[in-house]
Amino acid sequence: DVITHQELNELSNQGAQLFRSLGLKPGDSMAFMMENHKLFFPIAFAAWRSGLKYTAISWRLQANEVEYIVKDCGAKVFITSKFLEESAKDLASSLEGVHKFMLDGESEDFKSFEDAIKVMPVEPIEDECQGAAMLYSSGTTGKPKGVSREINLSPLPYDSADEDSIYLSPAPLYHSAPMGFNTGFLALGATSIILEKFDPEAALEAIEKYKVTHSQWVPTMFIRFLKSDPEIMDKYDLSTHKIAIHAAAPCPVEVKEKMIDWWGPIIHEYYAGTEFNGFVACNSEQWLAHKGTVGQSLLGPVHILDDDQNEVPTGEEGTIYFEGPTSTGFSYHNDEEKTKGATSKQGYTTLGDVGY
């Protein structure tokens, strides 16, 4: 399925027109839950250009978890797909008063999204303004929390991206990084190649076929590459591939060594969170000189504090805190306590991770 930039522009304008026709104003919220669908970004851009907060929800969650997020974020519109009809059915009764739409079909409670936008103008709405994603933290302890932050289009510390870039996205789009990076690349006029799901050979085939320049991965994908049939490692032309980014989990040293041996020194790593209160990155050369590092901070000093929030000596473990202008730009939606709890007495903020 191909969507051109013109179609992305027109479909997202029609989506924005639909949101306004339903009474949604700048600052209101909408939520959507779908697989890696061709209309995922037209919907995200429609919300973004109407000044809405938009929440992408994992389709792997249980109905009661989805219901909690839709209600917690205050969504006035909820969009899902025929693929998720069973989950949608369980949700319908609990989402009274929310405008409900479905892609690729409709059901008793969900109207066809395609039919709804078809009759809308392709021109921009009159009061166009910038919205922002509000994604939910994974909620490993307690319920997930919405991360509300200043608009941040493109967390790209790699200024090599431009409209000629071709970005490969092999991960589920509801995650923070694929959402942010794809939105950033598309807003630059670049091309995104989105896989429905990750498969080692399909990913390599896509790099050759589409002449991919940039990509983003998680360590599990690297491990699956290295475990797959060795024949596929030399089968594809990867010469256009200039920047491969990875994040989201620690990468075992030997896995990363093997990936750099195979792909060359094009691998960049970063450590950050949906909160985007800090950003730490390293390239292959920096990593090879200091194996196991996640790099240096690009946004402000990093502090390692003990339980009393005092600095610990170099080499000692403690909680990682970020200092700097961006560290104050986020809050947890509907949870002042959690926001306060993420802030140290010095005004630094943390994701709760341990480091040294």
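Predicted model: local features only at pLDDT ≥ 70, side-chain atom pairs only at ≥ 80, totals over all residues.

Residues are numbered from 1 along each chain as its sequence is written, and side-chain values use heavy atoms, with hydrogens and water left out.

**Cysteines**
- A search of the whole structure finds zero disulfides, a disulfide being a pair of cysteine sulfur atoms within 2.5 Å.
- The closest cysteine sulfur to that of C129 belongs to C73 and lies 18 Å away, too far for a bond.
- For C251 the closest cysteine sulfur is in C282, at 10 Å, which is also too far for a bond.
- C251 is buried at 14% relative accessible area, while C129 is partly exposed at 29% (buried means under 20%, exposed over 50%, partly exposed in between, with a 1.4 Å probe and protein chains only).

**Helix α1**
- Helix α1 spans residues 5–21, helices being DSSP runs of H or I with at least four residues and strands runs of E with at least two, numbered from the N terminus.
- Among the buried residues of α1 are L8, F19 and R20, and their cover includes β1 (29–32), α2 (40–48) and α6 (176–187).
- After α1 comes G23, with a positive phi near 95°.

**Helices α3 and α4**
- Helix α3 (residues 63–72) packs against helix α4 (residues 85–92) at an angle of about 60°, with their axes 9 Å apart.

Definitions and conventions. Expected span 1.5 Å × (residues − 1). Contact = heavy atoms within 4.5 Å. Axes fitted to C-alpha atoms, helices over the stretch in contact; angles between N-to-C directions.
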